[in-house]
Amino acid sequence: MFDIDIKNLLIESIEWHFIGEIVVRTAIMFLMILLVLRLSGKRGVRQLTLFEVAIILGLGSAAGDPMFQEDIPIFHALVVFAVVMAIYKTLTWLASKSLSVHRILEGKEMAVVENGVFSIKNEKDNDFSTVEFFAELRNQSIEHLGQIRTAILETDGTISVLFYADHEVKFGLPLFPEAYQEADLSSCNDTLACMHCGCIQQRDTVIQNPTCTRCRHDKWAIALNTKRTV
Ligand SMILES: [Zn+2]
């Protein structure tokens, strides 16, 4: 049923005279992509907003086909490049003039940690995964949420953090796996942090009512209050 002739699939139908043309076409398109991306004014691609990803997808699909399809003239791809760049430049210009256009294109930054706990109203939006977020915060050498006054998720996916001064650090939810463990309430005698929202409670309160009053989850980890600079 699936009697596929691999040799036929890979090389039999090759038009050898076209291979040289593919090399030239690919080189031209590759240089065009580089040139267009340079003209876009972007300095790097470490973090892209969704708008920029859309632009790159548009350029990429227009560039790919003429590389190896004999019947597609490279000129067609150049027209696509010109149109995509014109749209990009126009929308970027509009976004620089109007905050609402900017927000439609790039989304809106949002607070994800406020006063040492996860920002619940945003969490309901499901715009970020807590797990991903833990990694981002760990990357900034943050041991627990009690060190953070405010953390903002920027539209390019990066996180900006403002810290408490050392003497202001409070108890917070641990972010590193060895400490982010459900506490055994019968044996521990510590301050606890809700594993979902970071809300802080004393052990006695949690034993009376294990449900977090903020987020309605019921798993608790032992909170930390270590300072950033020890
Ligand atoms: Zn909670």
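Where is the place of Ala62? Ala62 sits in helix α3. Before I go on, a word on what you are looking at. This is a predicted model, where local features need pLDDT of at least 70 and side-chain atom pairs count only at pLDDT 80 or more, while totals for chains, interfaces and linings use all residues. Residues are numbered from 1 along each chain as its sequence is written, and side-chain values use heavy atoms, with hydrogens and water left out.

Is Ala62 buried or exposed? Ala62 is buried, because its relative accessible area is 12%. The cut-offs are these: buried is under 20% relative accessible area, exposed is over 50%, and partly exposed is in between, with a 1.4 Å probe and protein chains only. Leaving aside neighbours within four places in sequence, Ala62 is in contact with Met29, Ala77, Val80 and Phe81, where contact means heavy atoms within 4.5 Å. From Ala62 to Val79 the C-alpha distance is 9.3 Å, and the two are 17 residues apart in sequence.

Met67 is also in helix α3, which covers residues 50-68. Met67 counts as buried because its relative accessibility is 18%. Which residues is Met67 in contact with, leaving aside its neighbours within four places in sequence? They are Ile22, Arg25, Thr26, Met29 and Phe30. Take Phe30: it is 37 residues from Met67 in sequence, and their C-alpha atoms are 9.0 Å apart in space.

Now the record for this part of the chain. Under "transmembrane region", an unreviewed UniProt entry lists residues 16-37, 49-68 and 74-95. UniProt positions are given in the numbering used here, feature names are shortened, and annotations may be inferred rather than shown by experiment. In the model, residues 16-37 are 100% helix and 0% strand, with end C-alpha atoms 32 Å apart. Residues 74-95 are likewise 100% helix and 0% strand, and there the end C-alpha atoms are 31 Å apart.

Next, a strand. Ile152 lies in β3, residues 148-153. Ile152 counts as partly exposed because its relative accessible area is 24%. How far apart are Ile152 and Val112 in space, C-alpha to C-alpha? The answer is 5.7 Å, although 40 residues separate Ile152 and Val112 in sequence. Beyond its neighbours within four places in sequence, Ile152 has contacts that include Glu109, Met110, Ala111 and Val112. Thr158, Ile159 and Ser160 are also among the contacts of Ile152.

Two loop residues have a backbone angle to point out. Most residues other than glycine have a negative phi. Asn115, which is not a glycine, has a positive phi, near 55 degrees. Asn115 is in the loop between β1 (110-114) and β2 (117-118), and it is partly exposed because its relative accessible area is 48%. Arg216 also has a positive phi, of about 70 degrees, and is not a glycine. Arg216 is in the loop between α8 (203-208) and β7 (220-222). Arg216 counts as exposed because its relative accessibility is 61%.

His217 lies in the loop between α8 and β7. His217 is partly exposed, at a relative accessible area of 37%. Not counting residues up to four places away in sequence, His217 touches His196, Pro210, Thr211 and Cys212. Met195 is 22 residues from His217 in sequence, and their C-alpha atoms are 8.1 Å apart.

Finally, the whole protein. How many helices and strands does the protein have? There are eight helices and seven strands. Of the 230 residues, 33% are buried. Among contacts between residues at least 6 apart in sequence, 60% join residues at least 24 apart. Along its principal axes, the C-alpha trace spans about 80 × 55 × 35 Å. The radius of gyration is 26 Å, whereas a compact globule of 230 residues would have one near 17 Å. That radius is taken over C-alpha atoms, and the globule rule is 2.2 Å times the number of residues to the power 0.38.

How values were computed: Helix = DSSP H or I, 4+ residues; strand = E, 2+ residues; numbered from the N terminus.
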